[in-house]
Amino acid sequence: MTPLARLLVASQFAFNVGFFAVLPYLADHLGGTLGLGGALVGFVLGLRTFSQQGLFVVGGALTDRYGPRPAVLVGCALRVAGFVWLAFAATAWTVIGAVVTVGFAAALFSPAVESEIAREALRAERDGGPRRTRTLARFSAGGQAGALLGPVLGTLLLYGGGSGHFRTACLAGAGVFLVILAAHAGLLPRRTARAADAERRDPWRTVLGNRSFLLLALAYSTYLLAYNQLYLALPAELDRATGSQAALGWLFALSSVLVVFGSTTVERLTATRLGSPAMIRAGLLLIAAAFATTGALRTLDGPAGAIAFTVLLTLGQMLVLPATRALLPDLTGETRIGLATGALSSLSGLVVLAAGAPIGALLDHDGPAPWLLLATIPLLGLALVPRHRPDGPGAASAPGSGRRRRAVLHRG
C-alpha cells in the first residue's frame with residue numbers, strides 16, 4: 001500500500017480501539033454507576049447513534065467542501081474532548097452533551113477517512129498498484145482488528161468496576177485519539193477535492209439525484225439491515241439453542257478474526273473474476289444463505305445454526321463492504337465521494353432504524369419461518385445493485401488500463 005493508505009488503515013484501527021474500549025461499557029456505567037433509568041439509558045444510547053450515523057452525510061459534505069484534513073483533525077479533537085467530558089460527567093445532561101460530542105466527532109472523522117481511502121485506492125490502482133478492492137479490504141480488516149482489540153483493552157481498564165475505572169477507560173480512549181490527531185496533523189496531505197462548477201453549486205442534487213447511487217444505497221441498506229442481526233437475531237438464536245448468551249462474545253470475536261485474516265484472501269479469490277457489482281451480489285447471496293441455513297438448522301440442538309450464521313454473514317460482509325466502497329467513485333465522481341459515503345451511511349441507517357421494531361417482533365415467533373423471511377431481505381438487494389461494471393477482471397493490471405479506466409469514469 002501507499003504511505004497514505006497505510007496511515008488511513010492504521011488510523012481506522014486506532015479509531016476502533018479507542019471507540020470499543022469505552023462504548024460497549026457505556027450502558028452499564030449509565031445504569032449502574034450513575035443510576036440512570038432504563039428509558040433514559042436507551043435514549044442516551046440512541047442519541048449517540050443518531051449524532052454519529054445520522055449525521056454522516058453532514059461530515060461527508062464538509063469533507064468534499066474543505067478536504068479530508070480539516071474534517072479528520074476537528075473530528076479527532078472533538079472525540080478527545082467528548083471522552084474527557086464523558087469521563088467526568090455525573091448528571092444526565094452532562095452525559096448527553098458528552099455522547100453527542102463523541103457521536104458528532106465520528107460523523108466528521110469516519111466519512112473523511114473512508115472517502116480518502118477510496119480516493120487513494122483508486123489513485124494507486126491507476127498507477128499500477130493493487131486493485132482498489134484490495135486496499136479497501138485491508139481497510140476493513142484494520143477496522144475489525146481495532147474492534148477486536150478495543151473491548152479487550154476496555155475490559156482490562158475496567159477490571160474491578162466503579163466510576164474510577166470507567167474514567168480511566170475514557171481517558172485512555174481520549175489518549176488514543178490524541179495520538180491519531182497528532183499523526184494526521186503531521187502526515188495527512190493538505191488537499192481539497194475540486195468539484196466542477198455545476199457540482200459545486202448543487203452537490204446534493206449531484207449525489208442524491210443520481211439514480212445509480214440511490215439504487216446502490218438501497219442495496220447496501222439491505223446488507224446493513226441483515227448485518228445488524230448479529231446484534232438482534234443472533235443473541236435470540238443463542239438463547240433458544242443453548243439457554244444463554246454466554247457464547248455471544250466468542251462469536252463476535254470469530255467474526256472479527258475472519259475479517260482480519262480473511263479479507264485479502266477473499267478479495268483475491270473474487271475480485272480477479274468479478275467486478276464490484278458482482279462481488280456485492282455474491283456477498284448478498286452469502287448473507288441470504290446465512291439466514292436460510294440457520295433456519296434449516298433450528299431443528300438441531302446446540303449452537304450450529306448460530307455458528308453457521310456468523311461465518312456466512314461475515315463472508316458476505318467481506319465481499320459487500322470493499323466492493324461498495326470501490327464502486328462509489330464511478331457512480332458519483334471522485335469529487336463527491338465524501339458526500340456519497342456519508343449519504344450511504346445515513347440512508348442505510350434510517351432503513352435499519354425503521355425496520356428494527358418489525359424484525360424484533362418477527363423474531364418472537366418460533367420455527368424456521370422468521371429466518372427464511374429474513375433471508376429475503378438481502379435477496380431484494382440483488383435486483384437493486386447497479387449494473388455498472390467499472391473494474392472487471394484484470395482491468396487494473398492490464399497494460400493501458402489506467403487510460404481505459406479514465407474513459408469508463410468519464411462515460412459514467
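1. Starting with Arg131: this residue is partly exposed, at 22% relative accessible area (partly exposed sits between buried, under 20%, and exposed, over 50%, with a 1.4 Å probe and protein chains only). Its salt-bridge partner is Glu267, with the closest N and O atoms 3.0 Å apart (a salt bridge being a side-chain nitrogen of Lys or Arg within 4 Å of a carboxyl oxygen of Asp or Glu). Glu267 is in helix H13 and Arg131 in the loop between helices H6 and H7, so the pair ties together parts 136 residues apart in sequence. Glu267 counts as buried, at 0%.

2. Ground rules: this is a predicted model, where local features need pLDDT of at least 70 and side-chain atom pairs count only at pLDDT 80 or more, while totals for chains, interfaces and linings use all residues. Numbering runs from 1 along each chain as its sequence is written, and side-chain values use heavy atoms, without hydrogens or water.

3. Leaving aside neighbours within four places in sequence, Ser345 is in contact with Gln53 and Phe56 (contact means heavy atoms within 4.5 Å). Leu347, also found in H16, is partly exposed at 32%.

Methods
Helices (H or I, at least four residues) and strands (E, at least two) are DSSP runs, numbered from the N terminus.
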